[in-house]
Amino acid sequence: MLRTINMHSRIISIAIASTFLVGVAAWFVARFWTFGQYSSLSIAFGSALAITLAVLVVRGTVFYSWLTVAISAGLAYRSFALFVYLNSKGTPGGAYLIPGAIFSLCSVALLALLLTSRQRNQGAIK
């Protein structure tokens, strides 16, 4: 029974980590789409950080899972803030809605996974 729960938790964490990586890719695409520019160094550093966090989330490292929740929530906020700011200046910023939605989904799903696994672990201790 415990092995089945761990397997499902691992599958869910892989899906969440993949969603995080898709969000990072969508962020860079939105930046290129909106401004027509990209930085190879920025893409390399951001991708390396995202892949590292995704691997640590899949491994089950709690600290980095919480860090990923914070980063996802921050990037979701930043995406929606950029959308509002660009539209107020007359620049079409609709491309930032997609990474904002993806990061919102990622942060909520990872937060739910962390809270349910914490409750399950406390229940097992009792």
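The points below go through this predicted model, from overall fold to single residues.

1. **Fold.** The secondary structure comes to four helices and zero strands. Read along the sequence, the pattern is α-α-α-α. Of the contacts with a separation of 6 or more, 72% join residues 24 or more positions apart.

2. **Burial and surface.** The protein has 126 residues, and 31% of them are buried. The accessible surface comes to about 8,100 Å². Carbon and sulfur atoms account for 69% of that surface.

3. **Nonpolar core.** The largest nonpolar core has 19 residues. Those with the most contacts inside it are Ile16, Phe20, Val24, Trp27, Tyr96, Phe103 and Leu110. H1, H2, H3 and H4 each supply at least two residues of this core. H1 gives the most, with six.

4. **Leu110.** This core residue deserves a look of its own. Setting aside residues up to four places away in sequence, Leu110 touches Ile16, Val57, Ser65, Thr68 and Val69. Ile16 is also listed among the core residues with the most contacts. Val57 is one of the buried residues of H2, and Ser65 lies in helix H3.

5. **Ser65.** Is Ser65 buried or exposed? Its relative accessible area is 4%, so Ser65 counts as buried, the cut-off being under 20%. The side chain of Ser65 reaches the backbone oxygen of Thr61 at 2.9 Å. Beyond neighbours within four places in sequence, Ser65 is in contact with Val57, Leu110 and Leu114.

6. **Helix H2, geometry.** H2 runs over residues 40–59. At 1.5 Å a residue, its 20 residues should span 28 Å. The end C-alpha atoms are 28 Å apart, which agrees with that expectation. Just after H2, Gly60 takes a positive phi of about 95°.

7. **Helix H2, buried residues.** Gly46, Ala50, Leu53, Ala54, Leu56, Val57 and Val58 are buried in H2. Val57 is in contact with Ser65 and is touched by Leu110.

8. **Ala50.** Ala50 is found in H2. Its relative accessibility is 2%, so Ala50 counts as buried. Which residues does Ala50 contact, leaving aside neighbours within four places in sequence? They are Phe20, Leu21 and Val24. Ala50 and Phe20 are 30 residues apart in sequence. In space, their C-alpha atoms are 7.4 Å apart. Phe20 and Val24 are both among the core residues with the most contacts.

9. **Aromatic pairs: Trp27 and Tyr96.** The structure holds four aromatic pairs. One of them is Trp27 with Tyr96, edge-to-face, at 5.2 Å centre to centre and 70° between the planes. Trp27 lies in helix H1 (residues 2–35), and Tyr96 in the loop between helix H3 (62–88) and helix H4 (97–125), so the pair ties together parts that are 69 residues apart in sequence. Both residues are buried.

10. **Aromatic pairs: Phe63 and Tyr64.** Phe63 and Tyr64 also form an edge-to-face pair. The centres are 5.1 Å apart, with 80° between the planes. How do the two partners stand on burial? Phe63 has 56% relative accessibility and therefore counts as exposed. Tyr64, at 32%, counts as partly exposed. Trp27 and Tyr96, in contrast, are buried.

Definitions and conventions. Residues numbered from 1 in each chain as written. Heavy atoms only, no water. Buried < 20%, exposed > 50% of the residue type's maximum accessible area, 1.4 Å probe, protein only. Contact = heavy atoms within 4.5 Å. Phe/Tyr/Trp six-rings, centres within 6.5 Å; stacked < 30°, edge-to-face > 60°. Expected span 1.5 Å × (residues − 1). Polar contact = N/O pair within 3.5 Å; in protein donor to acceptor, adjacent residues only side chain to side chain. Areas by Shrake-Rupley, 256 points an atom, 1.4 Å probe, with all protein chains shown as cover. Core = buried A, V, L, I, M, F, W, Y, C linked by side-chain atoms within 4.5 Å.
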